[in-house]
2 protein chains.
Amino acid sequence: MVRHIGQVSTDAFTVLAEPTRRRILDQLRDAERSVGELVDGLGVSQPAVSKHLRVLREAGFVTCRTAARQRIYRLDPGPLRAVDGWLDPYRRLWTRHLDALERHLDSQEQ
Amino acid sequence: MVRHIGQVSTDAFTVLAEPTRRRILDQLRDAERSVGELVDGLGVSQPAVSKHLRVLREAGFVTCRTAARQRIYRLDPGPLRAVDGWLDPYRRLWTRHLDALERHLDSQEQ
DNA sequence: CGCTCATATACCTTGACGGTCATATGAATG
DNA sequence: CATTCATATGACCGTCAAGGTATATGAGCG
């Protein structure tokens, strides 16, 4: 029912489902990196990495800038915040559990 | 390198990548439900729902108990907490941004 | 301007997954 | 104990995505 004008960017969970992509995000967590740097330490071919980067880019997880002959990729927090937001209504499941536990412990006090 | 003894349970992100499964979780957020109740309101065939429930079960997202002829499914917070935990090191990306913004705004004050 | 380094794309093969239809299980019920 | 209701499983099909190899693009350099 939802109309999309242009390209439908893959949804965040689908993007995160790929282990290699999560490892890429891990690598970008602390610093931005060139494609070559990502290829080393991932143990995957360069084309594979480039394809994952494209997916990540189109879903907004990363941005890239050109520096000389390299492309430097950088993490964008947006989609991860969205996932965080999706989790929000579920969070009470465990915080409430904690609350209940606390009440229980409180009732045990004397 | 990790050895698994029995069935390798699908990882949490892969499970969440499926929209129908997320809708099932949504439905279980407020109350436990039977398979039939889930089938209504999902618009998917009963076998499809059962298969998704199996995936969710094996990944620990839901538990089920038998009540008369029905199977009642209930949400288990475990794997969602794990996802929440995975997000943790990324969270500073936006909290830091906030910090930076605050510092900026502070510096603008007079 | 031809060469090379860094990255992206094309093409192909393979494997996993979701859906449906048909059928099996298994508990309640008459 | 046969039947029926609720759910699970199996067989089959179509789709899609990931990985690899080969190749195209494109910026910098001699």
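Which elements of chain A and chain B each supply at least two residues of the lining of the second largest pocket? They are α2 (19–30) and β3 (70–75) of chain A, together with α5 (78–108) of chain B. This is a predicted model, in which local features need pLDDT of at least 70, side-chain atom pairs count only at pLDDT 80 or more, and totals for chains, interfaces and linings use all residues. Residues are numbered from 1 along each chain as its sequence is written, chains are lettered from A in the order in which they are written, and side-chain values use heavy atoms, without hydrogens and water.

**Second largest pocket**

- Among the 10 lining residues, those closest to the pocket centre are A:Leu28, A:Arg29, A:Arg74, A:Leu75 and B:Leu93.
- α2(A) contributes the largest share of this lining, three residues; helices (H or I, at least four residues) and strands (E, at least two) are DSSP runs, numbered from the N terminus.

**Surface near DNA strand C**

- DNA strand C is surrounded by 22 residues, a residue being near a strand if one of its heavy atoms lies within 4 Å of it.
- The closest of them are A:Ser50, A:Tyr73, B:Arg21, B:Lys51 and B:His52.

**Individual distances to DNA strand C**

- An N or O atom in the side chain of A:Gln46 is 2.8 Å from a base nitrogen.
- Phosphate oxygens lie 3.3 Å from an N or O atom in the side chain of A:Arg54 and 2.7 Å from a polar side-chain atom of B:Ser45.

Notes. On a 1 Å grid over the protein atoms alone, a cavity is a set of points where a 1.4 Å probe fits but cannot get out, and a pocket is an open set with protein on both sides within 12 Å along at least five of seven lines; lining residues have an atom within 4 Å of a point. A polar contact is a pair of N or O atoms within 3.5 Å; within protein, one must be able to donate a hydrogen and the other to accept it, and residues adjacent in sequence count only if both atoms are side-chain atoms.
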